[in-house]
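Work through the exercises below with the sequence and the model in view. Each task is followed by its solution.

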Amino acid sequence: TRSLTITSTDQSMFEKAQGEKVTLPCTFELSEEDEGPLDIEWVLIPADNQKREQIIIMYAVDRIYNHYYAAMNGRMQFTNLDPRSGDGSLDILNLKAADTGTYQCKVKKAPGVQSKKIQLTVLVKPARTKCSIEGSQEIGKDVTLKCLSQEGSPLLSYDWRRVSGTQELPATSMLNKNTGELLLKNASREYSGTYNCVASNRVGTDECSVELNVTPPVNTAGIIAGAIIGTLLGLSVLCFLIFCCCKKHREKKYEKEVHHDIREDVPPPKSRSSTARSYIGSNRSSLGSMSPSNMEGYTKTPYSQVPSEDFERAPPQNPTFAPSKVAAPNLSRMGAVPVMIPAQSKDGSIV
C-alpha cells in the first residue's frame with residue numbers, strides 16, 4: 001500500500017556562517033490513501049536529552065503558526081507559501097550561533113506519517129584578529145610573532161606569510177597553526193619586514209599584519225653610565241639647594257636673636273635738633289612779649305646757633321640775690337618782661 005513519503009533525503013547536515021541564510025529541505029509526496037488533513041511541523045530537538053522538543057513553526061488546517069519559538073520570531077518562514085503543493089521546506093534568516101541544533105520535519109496526513117532530521121551547525125567567521133610581537137627585536141635574539149582572533153568558531157587555523165622582501169619565511173622559523181605563533185630563532189637584519197597572518201575556519205577568514213624591525217643590541221653600559229651621572233648631578237643640585245635654605249634660615253634666626261637682645265630700659269639718645277627747635281621757640285615767645293627797647297641784647301644771639309648738651313643740664317645753685325632797693329621802672333605798661341639787674345653794695349658784695 002502506498003503512503004506519504006518524504007523525498008528530500010539527499011542532505012542531512014548543513015554548515016553555515018553566522019548572519020547567512022539556510023534552507024532546510026522537506027519535500028513530500030502524498031498517496032491516494034492519505035485522506036486526512038495535512039499537518040506539517042518543524043521541531044527543534046535540544047542537545048540535552050532532559051529538555052523537551054520545541055515546536056518552532058507549524059502548518060495546520062490551511063493556516064501557518066509561527067509564534068511558538070520566540071528566539072526565531074521574524075527570522076523563519078516556509079519556503080513555499082502553500083505547503084500543500086508538497087514543499088514544507090523551512091527558511092531561517094540571519095543565522096546565529098545559538099541556532100545550532102537538530103531540526104526535525106514531521107509531515108502527517110492520515111493515515112500516512114513521515115519525519116526527517118537535519119543537523120544544522122552555525123559557525124562564526126574569524127573576526128577582530130590581532131597580530132603582535134613578543135621578545136626583543138635585536139640581532140641574535142629569538143622573536144615570536146603572535147596571531148589571535150577574538151571571534152570565530154573552532155577549529156581555527158592560523159597561517160603566516162611574509163609580504164615583503166623574499167616573501168618567504170626565514171629558514172629558522174617554526175609555525176604553530178593551532179596557536180598562531182611564529183617563532184624566529186637567532187634573528188638577523190634579513191628577518192626585518194612585514195608579516196601577514198591569516199586566521200580561517202570552514203566558513204571564513206580574517207587577517208592582520210605586523211612590522212618586524214631587527215636592530216643591533218642596545219649599548220646598555222652607556223645607558224647605565226648616563227643614568228648614574230644624571231642621578232649624581234641631580235643629587236648635587238638638591239644638596240646645594242638644601243644648603244642655601246639652611247644658611248638663609250640660620251641668618252634669619254641670628255637677626256631675630258639679636259633683635260630680642262636689645263635692652264628695653266635704655267632710653268633712646270636725645271635729639272639735638274629737637275632741643276634746638278625748643279630753645280629757638282622759647283626765645284621767640286620771649287621776644288614777642290618784650291618792647292623794642294629791650295630787644296637790643298637779644299638780637300645779638302643768632303637763631304641758627306644750636307645749643308649744646310650743656311645747655312640742657314640743670315643750672316648750678318647760685319646764691320640768692322636780694323632785691324635791689326633801686327626801684328625798677330614799671331615795664332608792664334610798656335609790654336616788656338622785667339629783667340633783674342644785679343647791684344654792688346658798698347663792701348663790694350653782689351646783691
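**Exercise 1.** Decide what keeps Cys245 from forming a bond with its closest cysteine sulfur.

Solution. The closest cysteine sulfur to that of Cys245 belongs to Cys246 and is 6.9 Å away, too far for a bond; a disulfide is a pair of cysteine sulfur atoms within 2.5 Å. Cys245 is exposed, at 53% relative accessibility (exposed means over 50% relative accessible area, buried under 20%, partly exposed in between, with a 1.4 Å probe and protein chains only).

This is a predicted model, in which local features need pLDDT of at least 70 and side-chain atom pairs pLDDT 80 or more, while totals for chains, interfaces and linings use all residues. Residues are numbered from 1 along each chain as its sequence is written, and side-chain values use heavy atoms, without hydrogens and water.

**Exercise 2.** Find the disulfides and describe the one that involves Cys208.

Solution. Step 1: the whole structure holds three disulfides. Step 2: one of them joins Cys131 and Cys208, with 1.8 Å between the sulfur atoms. Step 3: the S-S torsion is 75°, a right-handed link. Step 4: Cys131 sits in strand 12 and Cys208 in strand 18, so the bond ties parts 77 residues apart in sequence (strands are DSSP runs of E, at least two residues, numbered from the N terminus).

**Exercise 3.** Determine which polar partners the side chain of Asn196 has.

Solution. Step 1: Asn196 lies in strand 17 and is buried at 5% relative accessibility. Step 2: its side chain reaches the backbone oxygen of Cys208 at 3.2 Å. Step 3: the side chain of Asn196 also makes a polar contact with the side chain of Ser209, at 2.9 Å.

Notes
Helices (H or I, at least four residues) and strands (E, at least two) are DSSP runs, numbered from the N terminus. A polar contact is a pair of N or O atoms within 3.5 Å; within protein, one must be able to donate a hydrogen and the other to accept it, and residues adjacent in sequence count only if both atoms are side-chain atoms.
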